[in-house]
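Q: Can you walk me through this one? I'd like the overall picture, then some of the charged residues.

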Amino acid sequence: MNLSRAVGYIIRNEQRRTERSQETVQESTIRRRIRNEADNRRRTKRVCIRNDVEEHNCGTMSEQCGFCGAVYWKEEKNTAHKYTKCCHDGKVQLPAFPDAPELLKVLLTENSPDAKNYRQRIREYNSAFAFASMGAQIKPPRRTGPYCYRLHGQVYHRVSPLYASDQHKESYGQLYIFDSSEATEKRLSNNQNCLQHVFEKLDFMLREINPFAQSYLQMHRLVQEHPTTSVKMVFLEDKNLDMRRYNAPTLCTEVAAIFVGDNGEPPANRDICVYPVGNTCQSISPLNQCCDPMTYPLLFPRGECSWNTGMEHVEERRTAKRTRVTQLQYYAYRLSQRNGFSILHNSGKLFQQYIVDAYVKTEGSRLHFLRQNQKDLRIELYRGLLDALECRAHNENIRTGKLIILPSSFQGSPRHMQQKYQDAMAMVRKFGKPDLFLTFTCNPSWSEILNSMECVQRPEDRPDIIVRVFNMKLKELLEDICKHGIFGTVLAYIYVIEFQKRGLPHAHILLTLDSESKIRTKDDIDKFVSAELPDPCTDLRLFQIVTKCMVHGPCGTININSPCMRDGQCCKSFPKQFKDDTEENVNGYPIYRRRATEPVQVGKYSIDNRWVVPYNPWLLKKFNAHINVEVCASVKSVKYLYKYVYKGHDAASVKIQKEGALDHDEILSFVEGRYVSAPEAMWRLNEFNLSHKSHTVVRLAVHLPQQQPIVYQDGQEAQAIERAALRKTTLTSWFELNKNDPSAHNISYSDIPQYYVFDKSTTNWKKRQRGGQNV
């Protein structure tokens, strides 16, 4: 009986496959549409206005990676139900750091005056003991608030000569050649807010256990013993390199420091070389494994070396294509939290600086690759830009300089954001204007964040925890909106992640609803959006959340120093006017109901409904965070909203120009203008999405005959032309499709990805078997 059923099942499946293979494209599309509509009707929709919703909680970090022991929340599993952000599925395996010195444990965990001063001034203490300096423009946000390490522009790492010149004070590694008391006096003169006895304890500890301190002292003794010999100290990029290529080394420490005369082979570009005397500091390569321990001696007191180019994946789990550990993989492993005490994760402000430095190094490596490969990989698409530069140079009577392009493949670049904006507008063409605009901001007081703090930590001390929790909350929010349908059936959505001035992540989300779920009347608006203070007698929890998270400012005459004030006016147009009823459409946006009620006391200010930011009560109670919900009432708002969402990350406008030459260096302009805070750096190191959309947008080629863009390597133009003659673009292949497939005659070029898929190997359009979510 079971056998006959199985045979019948196989026969029916074969019949269905045969029938579907004979369908036209339009017939298969109609069949799928009917099936999807039936699924939507069966889907239960959650009522948005009910009051019994519980606050979302991710639980505790009770899960562990089976390979490296990193701890996770259960909701952090990927689609394959694995934890991979730490060691990349077992590919990366690094030695554990030795136990932290007892002195640092005490200073980082206790509440004594010494410990409080150390944690408050930890960046000053680290700078006083560092062997190499980190040069950057630190741009902390204005006004008061939690500490946020924010960097602007480029980062440089430099090392000083062994002896200071007459024009400069002794600093960095130069202080280790003095006795402890003299070195402490010199450090204290430059850092008067630090404590002398803490300096003395740290100096004693580092002289005992830090190999770099011992190397500087050894070089000093060597110079004193042989004053007529010119000697330099070299920290090798890789301590496993053959040191016999130098003259016989006099001394060698655990960090591969060797001392050579001037007749030795010059050090490699990435080796760190310390000379006895010099007028200026020397820049060092961030790719050298000694860069981190020399810059952060209080994070790596035993001189533990960092990433180097020779690190390899675990042999059993490596792939044939990639065998080496990347910088990003290394820092992702080191920044992952594991059980036990960690100097790194307990170092507060210095931890923030280390995270930003780590990300800037990985980003710098990518940008360096793009800069070095400008000549090897060209595309005629940039020819128009070059023509414009040559025309401008001719008009200004100056020569054309170098042309450096930052391509759209680099995430966060201006070309990348412009491309994302164009993709979003293609979705508008397909699905119509967005109906709702949400802004979801991280709440550092979430219980998951507070429960993860150790000892005396505060939320701003752990940007790694903040971004992980926000990423989980964002996924849950999107699931409520898109799968559970709290606003109705969502046809399409996009979101973009940004970071506030103090580093907290927030998401801009645009939603497009189906025709049955459209918000058309003022009753629909009032059902989903409120701009009034709730009654504390009937819903105390919602009242507390609204007064804590959804009150703007106050600003204006009440508080003229508010960040939103521009020329004496609030840039967000608060306070709003009282309104007894909602108006659906005023210049593209609704005006929400704000009835005149008795003001309530919030902090030291008395506020009423004019100061309330529009919100959805259900979402607010579930996520306990700032969630601004706005209704898009007219198509007039479309371009502004999508431009606003894809405006790009924080940057300053910087123009760098050589005299007498017209340069166009997009990489340098990007690096000089960008701002990076610790949460943003951590978000990128975790490889979380900075933007996402519900549908895949296929970019179709449009060109004149024989004028398609060609990618080629310098010197291989002839081969590229031959290759282009044999391969079709999406446009020329569409012409071929219309010649050979009658079912494609009624499908426009812009709609073809819904019914066919472009096979890049054969450069032909093939009938789509399933899916159809492409635009």
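**The chain and its charges**

A: The chain has 24 helices and 26 strands. Helices (H or I, at least four residues) and strands (E, at least two) are DSSP runs, numbered from the N terminus.

Q: What should I know about the model and the numbering?
A: This is a predicted model, where local features need pLDDT of at least 70, side-chain atom pairs count only at pLDDT 80 or more, and totals for chains, interfaces and linings use all residues. Residues are numbered from 1 along each chain as its sequence is written, and side-chain values use heavy atoms, with hydrogens and water left out.

Q: How much of the chain is buried?
A: Buried residues are 49% of the 775 residues. Buried means under 20% relative accessible area, exposed over 50%, and partly exposed in between (1.4 Å probe, protein chains only).

Q: How many salt bridges are there?
A: The structure holds 30. A salt bridge is a side-chain nitrogen of Lys or Arg within 4 Å of a carboxyl oxygen of Asp or Glu.

Q: Which residue does K622 pair with?
A: K622 forms a salt bridge with D480, and their closest N and O atoms are 2.7 Å apart. K622 sits in helix α18 (residues 617-623) and D480 in helix α15 (residues 463-482), so the pair ties together parts 142 residues apart in sequence.

Q: Are those two buried or exposed?
A: K622 is buried, and so is D480.

Q: Which residues join them in a network?
A: Salt bridges that share partners join D526, E532, R593 and R595 into one network.

Q: And K433?
A: Its side chain meets that of D435 in a salt bridge (3.8 Å, N to O). K433 is partly exposed at 22% relative accessibility. D435 is buried at 4%.

Q: Last topic. Where is R566?
A: R566 is found in strand β14 (residues 565-566). R566 is partly exposed, with a relative accessible area of 46%.
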